[in-house]
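I'm opening my notebook to look through a new structure. I'll jot down each thing as I look it up.

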Amino acid sequence: MEHGAGTAAQTRWPRTRGVVAATLFVCAALLIGFAVFDIAVRAYHIPDTSARADGIVVFTGGRARLDPAVGLLRNKRGQKLMISGVHEQTSAETLRHLLHVDPSLFNCCVTIDRLALDTIGNANSAVDFARQNGFESLIVVTNDYHMPRSLLEIRRVADDLTIIPFPVSNSARKAQSWSLVIDRYRVLAGEYTKLLLAYGRAPFTQSSARAASLSGW
């Protein structure tokens with residue numbers, strides 16, 4: 001009996017070591033991936049103010065994203081601007097006043113997308129906007145931490161479009177307050193998780209998403 005118990009313990013020990021080793025490996029990989037993600041976000045620190053494309057798309061998520069996008073349109077860095085993900089209760093007139101856009105410029109060159117509810121929807125709307133206007137290039141405006149996932153989702157459905165990132169930097173990046181630094185990394189951790197999930201679903205959705213985009217859905 002004692003011999004059997006000893007054999008069982010000896011069998012469990014290598015398995016336990018294997019589980020521990022695998023867990024440590026996964027944790028290390030996630031931490032390294034997060035560090036790489038942080039570096040990638042920092043690489044988007046300074047937007048190219050001379051950027052020029054056929055169209056401009058901004059993914060809603062705060063006033064900080066909208067003003068730079070409107071500035072690009074005013075400076076004729078793109079022919080038209082699409083604001084993607086506008087709340088259904090926000091009227092076009094309210095949005096125009098909020099952004100201080102001249103009525104003639106707003107009416108001719110600003111498109112409001114109310115269908116997008118998330119980044120996937122933003123990406124699909126951006127591609128549809130480009131296709132409908134015959135655009136071959138887009139400036140994409142969103143927060144720096146949101147840019148990697150935004151580009152991934154757009155390229156998943158339209159890898160033939162030229163995409164020029166125009167990142168809006170997180171104000172907490174330069175903050176000295178520990179609370180703001182912690183808040184920044186909390187946001188980064190959440191976005192990193194979403195990015196991993198986006199990569200995880202890529203093999204299952206890439207073909208169908210591209211087909212839907214090309215068919216004009």
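My entries follow, topic by topic.

**Before starting.** I remind myself that this is a predicted model.

**Cores.** I looked up the largest nonpolar core, and it has 22 residues. Those with the most contacts inside this core include Ile 56, Val 58, Leu 81, Ile 83 and Val 141. Which elements give two or more residues to this core? I noted β1 (55-59), α2, β2, α3, α4, β4 (137-143) and β5 (162-168). Helix α2 gives the most, with 5 residues. A second, separate core has 18 residues, among them Phe 59, Ala 126, Met 147 and Leu 151.

I then picked Val 141 and checked what it touches, leaving aside its neighbours within four places in sequence. Its contacts include Ile 56, Val 57, Val 58, Phe 59, Ala 69, Leu 72 and Phe 166. Arg 65 is in contact with Val 141 too.

**Helix α6.** I checked how covered this helix is, and 10 of its 11 residues are buried. It runs over residues 147-157. The buried ones include Met 147 and Leu 151, and I had already written both down for the second core. Arg 149 and Glu 153 are on the buried list as well.

Arg 149 pairs with Glu 191, with the closest N and O atoms 2.6 Å apart. Arg 149 is in helix α6 and Glu 191 in helix α7, so this pair ties together parts that are 42 residues apart in sequence. Are these two residues buried or exposed? Arg 149 has a relative accessible area of 12%, so I call it buried, because buried means under 20%. Glu 191 is buried too, at 5%.

Asp 38 and Arg 184 meet in a salt bridge at 3.1 Å, N to O. Asp 38 sits in helix α1 and Arg 184 in helix α7 (residues 178-214), so the pair ties together parts 146 residues apart in sequence. I found Asp 38 buried at 10% and Arg 184 buried at 4%.

Asp 160 forms a salt bridge with Arg 131, and their closest N and O atoms are 3.0 Å apart. Asp 160 is in the loop between α6 and β5, while Arg 131 is in helix α5 (residues 119-133). Arg 131 is partly exposed, at 31%.

**Disulfide.** I found 1 disulfide in the structure. Cys 108 and Cys 109 form it, with their sulfur atoms 2.4 Å apart. Which hand does it have? The torsion about the S-S bond is about -80 degrees, so this disulfide is left-handed. Cys 108 is partly exposed at 43%, whereas Cys 109 is buried at 14%.

**Surface patch.** Phe 25, Val 26, Leu 30 and Leu 196 form a nonpolar patch on the surface. Together they have about 380 Å² of accessible area. Helix α1 (residues 2-43) gives the largest share of the patch, 3 residues. I checked Phe 25, which is in helix α1, and it is exposed at 61%.

**Positive phi.** Most residues other than glycine have a negative phi, so I wrote down the exceptions I came across. Lys 76 has a phi near 60 degrees, and it sits in the loop between α2 (63-74) and β2 (80-84). His 100 has a phi near 55 degrees, in the loop between α3 (92-99) and α4 (103-109). Lys 76 is exposed at 65%, and His 100 is exposed at 61%.

Note on methods:
Residues are numbered from 1 along each chain as its sequence is written. This is a predicted model: local features need pLDDT of at least 70, side-chain atom pairs count only at pLDDT 80 or more; totals for chains, interfaces and linings use all residues. Side-chain values use heavy atoms; hydrogens and water are left out. Patches are made of residues with over 30% relative accessible area and no salt bridge: like charges are joined within 9 Å, nonpolar side chains (Val, Leu, Ile, Met, Phe, Trp, Tyr) within 5 Å. Accessible areas come from the Shrake-Rupley method with a 1.4 Å probe; for residues, only the protein chains shown count as cover. A salt bridge is a side-chain nitrogen of Lys or Arg within 4 Å of a carboxyl oxygen of Asp or Glu. Helices (H or I, at least four residues) and strands (E, at least two) are DSSP runs, numbered from the N terminus. Buried means under 20% relative accessible area, exposed over 50%, partly exposed in between (1.4 Å probe, protein chains only). A disulfide is a pair of cysteine sulfur atoms within 2.5 Å. A nonpolar core is a set of buried Ala, Val, Leu, Ile, Met, Phe, Trp, Tyr and Cys residues joined through side-chain atoms within 4.5 Å. Contact means heavy atoms within 4.5 Å.
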